[in-house]
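Here is a short report on one model. Look over the sequence and the fold before reading on.

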Amino acid sequence: MASNNANRGSTGFVEAKGKDYVAVTDLKPGAVGLAGAVMQNITHIAPAIAAFFFTQTLVSFAGGQAPLAYLIGLIVVIPLGVCLMELARKFPSAGGYFTYVSRTLGPSMGFLTGWVFVLYSPVVAGPSLAVLGQILQDELAANYGITFHWWYAVVIGIPLVAWAGYTGISFSIKWIVVVGLAEFLIVLALGLTGLADPGPGGFTFAVFTTSFNPGGLATTSGFFIVVVLTVQGLTGWEAAVPLAEETENPRRNVPRSIMASILIIGVMLVIAQWGQVVGWGVDDLPNLKTSAKVPGLVIAHRVWGGMWWLTLLAMITSVLGASLACQNVATRMWYSMGRVGVLPRAFGKVHSTRKTPTTAVTAQLILSVVLGFGGPALLGGPWPFFIFLIAFVLVLGVIFVYVAANVGLVVYFWTKARSEFNWIKHFIFPVGTSLVLIYSIYAAFVPLPAPPNNWTPLVALIWLGLGIAIIVWKKATGDEAWLTKTAEVIGEREDIEHHHPL
């Protein structure tokens, strides 16, 4: 029951110091604390996936400058995080970007943003588990003579992640904290070890200069492709946003978790990429590009010997943690869209005791199965489909979402909240980062990458077009009742139960 002191979703509400607040919601309020929110973000970023799965792609385009591209990606993401913090304070809701853009740019644009968001968190689990299965298949056969088919990981992983989603957010967050800490420490340790024990060419800071190009791998367009991919590699710092209704003190803890995760994981990934380039050997980067094995595993075998399997463990925990974190994000956004009638009403229902959006979790399970098996079959294996969808299509979708939120931020504070307008936070940061992201896409896709990745812009445009068609159809049929509810934010009440969550 909400107390008499409940705030009914006011954008001007401020959480008083010395008091704790939880949402007025059908979900489980107060189940997530600041530490849990930070780890939700970090695990969604997936340190081991970001650090290891894309290394060959990054080096093939940017050569020895790959660590510099990661650093630039971090610099772009920091002001993006500041922009999202402003929206998170104003509009706490499980809808996340759907609510933010609906509130600032209108319901139709909010729906379109939620629609394009499907190319982001919801698509991660299936392809990631398939790639993990491919890595396990290769490594277990090569090192132990064990037969493990890649699709075993999909068969085991998807039901496991869905089970955690059905069980409840408290269990999910505990799992995320455990696997997230494990992979973070292992990835950081390998990066530092690679710097301490360099390969051919020795240790160098030259990787952070644009003139450093051993092997002649880097090109200008290739470097910008890598900047785009590193922004994708750092995505996830906003994953606590859709958990606002389950987070204690959401207007304080969700924004804090955003910047904390960006700085923690951003610095770590720059070190990890630097450590792999140096640990492999800057004089031998052409062979890194063509390596039959994941470079992180090759380096781990060299520098850690019999303990190489720790890197494999980090990949396993990373994929499971990221799949669960992405499921949390996707299902809460779908729940919010179902609650206001944009999606079927069943999506807006929660389990009576576990307080989980079970229909949304089931939808996520089905999508993961389709992408985990169908995608690799379509493109000839887990790796080609993973790069196609997660490295290229996903980044186009997420940049659309980021830019829409940035435009909404400028519009809202220039018009409805003009007294709070700040030229740096509400204009320079959102406009500047949007221009960088848009230019990076142009530089990355003109000319188009090699097949099949040259088809990725068309896939993103077709999906966007379908979303526009749905909006037109809804308006033509008079189905517009949902338009009045898309911008709702949560109410809050004082936490009289004193949850003290993780």
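Which residues does the UniProt annotation "domain: Amino acid permease/ SLC12A" cover? According to that unreviewed entry, residues 37-460. UniProt positions follow the numbering used here, feature names are shortened, and annotations may be inferred rather than shown by experiment. The span is 73% helix and 0% strand, with its end C-alpha atoms 30 Å apart. Helices (H or I, at least four residues) and strands (E, at least two) are DSSP runs numbered from the N terminus.

This is a predicted model: local features need pLDDT of at least 70, side-chain atom pairs count only at pLDDT 80 or more, and totals for chains, interfaces and linings use all residues. Residues are numbered from 1 along each chain as its sequence is written, and side-chain values use heavy atoms, leaving out hydrogens and water.

Take helix α8, residues 151-167. Its 17 residues reach 25 Å from first C-alpha to last, close to the 24 Å expected (1.5 Å times one less than the number of residues). Its buried residues include G157, I158 and V161. Buried means under 20% relative accessible area, with a 1.4 Å probe and protein chains only. Their cover includes α7, α9, α14 and α15. Just after α8, G168 takes a positive phi of about 140 degrees.

Now the cysteines. The disulfide count is zero, taking a disulfide as a pair of cysteine sulfur atoms within 2.5 Å.

| Cysteine | Relative accessibility |
|---|---|
| C83 | 1% |
| C326 | 2% |

Definitions and conventions: Buried means under 20% relative accessible area, exposed over 50%, partly exposed in between (1.4 Å probe, protein chains only). Contact means heavy atoms within 4.5 Å.
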